[in-house]
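Subject: Structure handover

Hello,

Here is the structure I promised to pass on.

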Amino acid sequence: MDEISVFQNSAFSQRRRPQILAAFTASIGIFTHGIVSSWSSTAVPSLLLDKHFENTTIEEQSWIISLAPFAAFMSAPLAGMSVDCCGRKQTMIIQALFLIIGLFLTSFAVSVEMIYAGRFVAGVAMGAAVFAPVVYVSDISERDIRGTLNSCAQIMPAVGTLFSFVLGSLLDWRWQTFYSAIPPLLYLILLMIVPESPRFLLEHNKIDDAFDSLCWLRGTSSSDDVREELSLIQTSLIKPKKPESCIQKLASRNAFKPLVISISLMIFQQCIGYPSIIYFSVTIFQAGGTLIDPHLSSVIIGILLVFIVGTSSFFVDSIGRRPLLINSGICSTFPLFVLGLYFYLKPIDSAKLESLEWIPLTMVLFFVATYASGWINVPWLVMTEILPNNVVGIASGIGSSIHFFLSFVITKYFNVIAATIGMQWAFWTFGIFGIMATIFVSFCVPETKMKTLEEIQLYLNEVVDSSKASDKKSFKPAGDYKTFD
């Protein structure tokens with residue numbers, strides 16, 4: 001009996017290897033987001049030691065830092081349309097090509113303008129990196145491991161950040177950038193192996209290709225093994241009676257509420273203050289009087305990010321999305337208010353605070369740990385789960401565009417904001433957004449754990465369209481729908 005059980009478990013594990021490989025491939029695309037976004041933290045100080053760039057002005061440095069999120073803000077809606085029109089896989093291939101070009105262009109730059117161009121091209125790719133792979137992983141994963149696979153994929157920005165920080169601590173900016181192009185090259189090679197999303201193929205009436213894709217992902221050669229799952233996906237796809245524009249699709253009753261929830265999550269994700277903490281951690285430590293090596297501080301933060309995000313990914317399917325977001329919001333708000341209080345008291349009586357110079361470093365690490373436990377990755381997962389298949393690309397693009405626009409504003413103008421209203425009010429403002437985010441999640445965000453994407457859409461459609469209430473009696477969900485309340 002034990003041998004039979006072992007054999008069944010082994011076969012079950014082997015059956016899931018293709019979708020795990022596909023999820024790993026997509027996760028490399030998310031990994032590159034961490035590389036591009038954190039590149040400037042270690043590269044810019046090294047850049048200023050280069051003879052070609054030793055006279056780079058503060059304004060030029062600010063554009064080098066913020067051009068990538070600005071480009072991502074502009075490219076995200078286009079990438080969203082590409083996800084819906086060209087496919088998840090094709091969008092990721094384009095993303096990989098842009099990344100390789102952007103990184104090599106930056107690595108061989110001999111002028112600030114070339115760095116601008118390289119950062120902009122890499123930023124264009126970053127606009128797709130945060131949601132195209134996540135949409136793909138959600139599409140190809142089975143219900144009971146979708147949250148884990150997506151969360152494991154969401155570890156990758158943190159791993160990419162750590163990778164960039166370690167390279168930056170060991171190499172100068174040129175070699176750091178050059179070696180950063182290796183993961184996108186691997187990404188491009190693996191994308192030639194994995195199939196397109198079966199949901200996308202069904203949406204575009206490519207039935208045979210959808211069967212082949214799902215058979216590959218489920219580790220079977222027989223279409224009969226996947227016929228039931230493919231039928232359920234087909235049933236969930238929204239097919240309008242007449243062609244609709246993007247605006248009509250987004251304004252439809254089934255899409256509008258998930259879109260508002262997704263955009264709100266993106267706004268709160270940035271306004272809690274994570275970009276400013278990561279990009280300006282050294283500035284915060286110095287302003288607080290903490291003496292710490294910049295490279296060491298960045299590596300510590302990178303290690304902490306990987307550990308916390310990695311740990312939380314194991315609980316996203318057991319604990320649920322909402323509890324992780326709520327706990328993360330509450331806990332990350334505390335260090336923000338403590339930091340604000342510290343910077344408020346420092347100019348009043350700096351002598352008494354000399355013994356408390358450990359507070360900035362400790363509170364920054366506390367914030368990073370608590371924020372990373374939920375808000376760094378769960379909003380992306382929820383967004384791809386609740387958006388209808390026919391608008392997931394463009395709607396995710398809009399959400400991502402807002403995410404990157406706020407990242408651009410915060411990273412470019414944080415120093416100005418801190419100088420204008422004071423460092424303490426910057427942190428207190430972030431803390432207030434943390435409280436608002438927690439309230440919003442508590443009352444407005446549905447729980448989606450252990451639900452197939454098809455069940456989620458059927459539920460949301462029934463909630464929005466009361467005329468279909470009678471259909472509920474014939475629908476048998478896999479779990480208790482009380483979790484959607």
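A residue is called buried here when its relative accessible area is under 20%, and exposed when that value is over 50%. Partly exposed covers the range in between. By that cut-off Asp 139 is buried, and Arg 199 is buried too. One caution before the rest: this is a predicted model.

**Overall make-up**

The protein has 485 residues, and 57% of them are buried. Its secondary structure consists of 22 helices and 0 strands. Take the contacts between residues at least 6 apart in sequence: 84% of them join residues at least 24 apart.

**Salt bridges**

How many salt bridges does the structure hold? The count is 5. Three of them are described here, beginning with the pair Arg 88 and Asp 139.

The closest N and O atoms of Arg 88 and Asp 139 are 2.8 Å apart. This pair links distant parts of the chain, with Arg 88 in helix H3 (residues 88-107) and Asp 139 in helix H5, 51 residues apart. Arg 88 has a relative accessible area of 1%, so it is buried. Asp 139 stands at 7%, so it also counts as buried.

Through shared partners, Arg 88, Asp 139 and Arg 199 are joined into one network.

Then there is Arg 16, which forms a salt bridge with Glu 142. Their closest N and O atoms are 3.0 Å apart. Arg 16 is in helix H1 (residues 2-47), while Glu 142 is in the loop between helix H5 (132-140) and helix H6 (143-170), so the bridge ties together parts 126 residues apart in sequence. Are these two residues buried or exposed? Arg 16 is buried, with a relative accessible area of 10%. Glu 142 is buried too, at 14%.

**Aromatic pairs**

There are 21 aromatic pairs. One of them is Phe 53 with Trp 173. The ring centres are 5.5 Å apart and the planes stand at 85°, which is over the 60 degree cut-off, so the pair is edge-to-face. Phe 53 sits in the loop between H1 and helix H2 (58-85), and Trp 173 in helix H7 (residues 173-179), so the pair ties together parts 120 residues apart in sequence. Phe 53 is buried at 0% relative accessibility. Trp 173 is buried at 1%.

Trp 425 and Trp 428 make another edge-to-face pair, with ring centres 4.9 Å apart and planes at 90°. Both lie in helix H21 (residues 423-444). They are 3 residues apart, about one turn of the helix. Trp 425 is partly exposed, at 45% relative accessibility. Trp 428 is buried, at 16%.

Which residues do ring pairs link into a cluster? They are Trp 63, Phe 70, Phe 73, Phe 405 and Phe 408.

**Helix packing: H3 and H8**

H3 also packs against another helix. The axes of H3 and helix H8 (residues 182-191) come within 9 Å and cross at roughly 155°. That angle is over 145 degrees, so H3 is roughly antiparallel to H8. The crossing is left-handed. On the H3 side, the contact is made by Lys 89, Met 92, Ile 93, Gln 95, Ala 96, Leu 97, Leu 99, Ile 100 and Leu 103. H8 contributes Pro 184, Leu 185, Tyr 187, Leu 188 and Leu 191.

**One more residue: Ser 75**

Ser 75 lies in helix H2. Its relative accessible area is 8%, so it is buried. What does Ser 75 touch, leaving aside its neighbours within four places in sequence? Ser 75 is in contact with Gly 123, Val 124 and Gly 127.

**Where to start**

After that, turn to the H3 and H8 crossing.

Best wishes

Technical notes: Residues numbered from 1 in each chain as written. Predicted model: local features only at pLDDT ≥ 70, side-chain atom pairs only at ≥ 80, totals over all residues. Heavy atoms only, no water. Salt bridge = Lys/Arg side-chain N within 4 Å of Asp/Glu carboxyl O. Helix = DSSP H or I, 4+ residues; strand = E, 2+ residues; numbered from the N terminus. Buried < 20%, exposed > 50% of the residue type's maximum accessible area, 1.4 Å probe, protein only. Phe/Tyr/Trp six-rings, centres within 6.5 Å; stacked < 30°, edge-to-face > 60°. Axes fitted to C-alpha atoms, helices over the stretch in contact; angles between N-to-C directions. Parallel < 35°, antiparallel > 145°, perpendicular 65-115°, else oblique. Left-handed = near helix turned anticlockwise from the far one by under 90°. Contact = heavy atoms within 4.5 Å.
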